[in-house]
Amino acid sequence: MSRQCKQLYEFGPFRLDTEERQLLREEKPVPLTPKAYQTLRILVENSGELVAKEELMRQVWPDAFVEEGGLTRNISALRKALSDGRGEPYIQTVPRRGYRFVAKARKRVQTTPYLRWINSEGQEETRLLKDEEILIGRKSDADLVLNNPYVSRHHARLVKGSQGFTIVDLDSTHGTFVNGQQVKQHELQSGDRVALGKDRVEMVYYTDDGETSGKETDRQDGNDAKEGSRE
């Protein structure tokens, strides 16, 4: 199985999704132009480090000549988008040199959740959970069909939420179980064992989220602390 991963950066109430190319605040998209997003991504990926104006302009506009005012407008738009109502600084200006992302950014590698189970022929199967909802049952119109007489035609449903998937029993005849306990609804955690029906057809839910700490940055550093200002 080829599992799909995406890289995220989290800071304050924000999350930068590098696959969807968007900034989210508490799960809600924050509008950014493509160039503003690209500027933010470069700064976040180099959090704690000074990024020279010339380097930012070279990466954001590689095939065009842009005056410094274009970068200044991008930074202004980002500061407005990152305003959290508490005056929390995220981007520091180092006069005549460039910019630094000064908030602590936590890097996460998120894997698409998946189910793994042994089918009726004794073969291992895997299903990536990409959809918002996945219907599980014996009937052919289910998204995930389990060929077992004790699995109801429409047995259970997986529903995607902000923290992962919840399994919901659809009034099945022989029940839905998570880690041996019968449930009507249960928010799944990586490694949970889901069993369906009298034969307890078992599937294991995995997320395999990885996490690495971003560079921790001091709010002000050396001489730059004296130079830092907001444009």
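## Helices α1 and α3

Helix α1, residues 34-45, packs against helix α3, residues 68-81, at an angle of about 80 degrees, and their axes are 9 Å apart. Angles of 65 to 115 degrees count as roughly perpendicular, and α1 is therefore roughly perpendicular to α3. This description comes from a predicted model.

On the α1 side, the residues that meet α3 are Lys35, Ala36, Thr39, Leu40 and Leu43. Their counterparts in α3 are Leu71, Asn74, Ile75 and Leu78. By residue class, the contact of α1 with α3 divides into six nonpolar residues, two polar ones and one charged one.

## Helices α2 and α3

Helix α3 also packs with helix α2, which covers residues 53-60. The angle here is about 90 degrees, and the axes lie 10 Å apart. The two helices are therefore roughly perpendicular to each other.

Lys53, Leu56, Met57 and Val60 are the α2 residues in this contact, and they meet Glu68, Leu71 and Asn74 of α3. The residues of the contact divide into four nonpolar, one polar and two charged.

## The β2-β3 hairpin

Strand β2 (residues 14-17) and strand β3 (residues 22-25) pair in the antiparallel sense, over four bridges. Together they form a hairpin with four residues between the strands. Within the turn, Arg21 has a positive phi of about 55 degrees.

## Glu10 in strand β1

Glu10 belongs to strand β1, which spans residues 5-11. Is Glu10 buried or exposed? Its relative accessible area is 18%. Buried means under 20%, so Glu10 counts as buried.

The side chain of Glu10 makes a polar contact of 2.4 Å with the side chain of Arg106. Leaving aside neighbours within four places in sequence, Glu10 is in contact with Arg15, Lys104, Ala105, Arg106 and Arg108.

Strands of a sheet pair through backbone hydrogen bonds, either parallel or antiparallel. In this model, an open sheet of six strands has the order β10-β9-β19-β18-β15-β16, and the pairing is antiparallel. Strands β10 (124-128) and β16 (181-183) stand at the edges, each with a single partner strand, so one side of each has no neighbour in the sheet. On average, neighbouring strands of this sheet are turned by 30 degrees against each other, with direction ignored.

One of the pairs in the sheet is β9 (residues 114-118) with β19 (residues 201-206). These two strands run antiparallel and are joined by four bridges. Tyr114 stands opposite Tyr206 in β19.

Asn119 is found in the loop between β9 and β10. With a relative accessible area of 16%, Asn119 is buried, because this value is under the 20% cut-off. A polar atom of the Asn119 side chain lies 2.9 Å from the backbone nitrogen of Glu121.

Key. Residues are numbered from 1 along each chain as its sequence is written. This is a predicted model: local features need pLDDT of at least 70, side-chain atom pairs count only at pLDDT 80 or more; totals for chains, interfaces and linings use all residues. Side-chain values use heavy atoms; hydrogens and water are left out. Two strands pair if DSSP finds at least two bridges between them. Buried means under 20% relative accessible area, exposed over 50%, partly exposed in between (1.4 Å probe, protein chains only). A polar contact is a pair of N or O atoms within 3.5 Å; within protein, one must be able to donate a hydrogen and the other to accept it, and residues adjacent in sequence count only if both atoms are side-chain atoms. Contact means heavy atoms within 4.5 Å. Axes are lines fitted to C-alpha atoms, for helices over the stretch in contact, and angles run from 0 to 180 degrees between N-to-C directions. Angles under 35 degrees count as roughly parallel, over 145 as roughly antiparallel, 65 to 115 as roughly perpendicular and the rest as oblique. Ala, Val, Leu, Ile, Met, Phe, Trp, Tyr, Cys and Pro count as nonpolar, Asp, Glu, Lys and Arg as charged, and the others, Gly among them, as polar.
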